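These are my notebook entries on a single model. I list what I looked up, entry by entry.

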Amino acid sequence: MDYFDEMGWTPIDAQEVGNHQMLLVVRFLNENGFFGDDFDANRLAPPASKEFVKNLEEKKCTKDDETCTICLKPNADDEEIFAILPCKHMFHRTCILPWLERTNSCPVCRHEMPTDDKEYEERKKHRSRAAQREEELETLHNSMFG
């Protein structure tokens, strides 16, 4: 009995060997990070979603509020409106809107906001799932060998 019979497999047809070898090369490159986010490292993040920007939480400035970390102007009562990002950082609305038109992250903590770019959002989900898988593998490894 040969190896394929023992395993219950059938050998690859001669005309399929080239395709199979190409798939093995692609798998090797993918597993070694060749198709990772390195290609997008120089690509800037897209602007924040227009719907997200339109629905930002707002608050009137008071002298007691923190200063805007973009312009650093002292706050005057009822002069300007703060926009509050989901990470709870506050900025003058006139300061943060131009920023969010260029990029989707908080200028202080880099918390990412939603975008209108479907491809970017898909890559973000992929990175999140990959990080979660790594964490689960680490937890599994620690439970087995810890």
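I began with M22, which counts as exposed because its relative accessibility is 52%; here buried means under 20% relative accessible area, exposed over 50% and partly exposed in between, with a 1.4 Å probe and protein chains only. I placed M22 in helix α2, residues 17-31; helices (H or I, at least four residues) and strands (E, at least two) are DSSP runs numbered from the N terminus. The model is predicted, and local features need pLDDT of at least 70, side-chain atom pairs count only at pLDDT 80 or more, and totals for chains, interfaces and linings use all residues. Residues are numbered from 1 along each chain as its sequence is written, and side-chain values use heavy atoms, with hydrogens and water left out.

I then looked up the patch to which M22 belongs: M22, V25, V26, F34 and F35 make a nonpolar surface patch of about 460 Å². Patches take residues with over 30% relative accessible area and no salt bridge, joining like charges within 9 Å and nonpolar side chains (Val, Leu, Ile, Met, Phe, Trp, Tyr) within 5 Å. The accessible areas come from the Shrake-Rupley method with a 1.4 Å probe, and for residues only the protein chains shown count as cover.

I stayed in helix α2 for H20. H20 counts as partly exposed, at 35% relative accessibility. I compared its place with that of T69: H20 and T69 are 49 residues apart in sequence and 56 Å apart in space, C-alpha to C-alpha.

I searched the whole structure for aromatic pairs and found one. The pair is edge-to-face because the rings of Y3 and W9 have their planes at 75 degrees, with centres 5.7 Å apart. Rings of Phe, Tyr and Trp (its six-membered ring) pair if their centres lie within 6.5 Å; planes under 30 degrees apart count as stacked, over 60 as edge-to-face and the rest as tilted. Y3 is partly exposed at a relative accessible area of 49%, and W9 is partly exposed at 45%.

I also noted a charge over a ring: R127 lies over the face of Y120, 5.9 Å from the ring centre. The criterion is NZ of Lys or CZ of Arg within 6 Å of the ring centre and within 35 degrees of the ring normal.

How many salt bridges does a search of the whole structure find? I found four, each being a side-chain nitrogen of Lys or Arg within 4 Å of a carboxyl oxygen of Asp or Glu. I record three entries here.

- E51 pairs with K54, the closest N and O atoms being 3.7 Å apart. Both lie in helix α3 (residues 50-54), three residues apart, about one turn. E51 is partly exposed at 46%, and K54 is exposed at 58%.
- E119 meets R123 at 3.1 Å, N to O. Both lie in helix α5, four residues apart. E119 is exposed at 51%, whereas R123 is buried at 14%.
- E121 pairs with K124 at 3.5 Å between the closest N and O atoms. Both lie in helix α5, three residues apart, and both are buried.

Last, I checked backbone angles. L72, a residue other than glycine, has a positive phi near 60 degrees. L72 is in the loop between β1 (57-60) and β2 (81-84) and is exposed at 59% relative accessibility. R110, not a glycine, has a positive phi of about 65 degrees and lies in the loop between α4 (93-100) and α5 (118-145).
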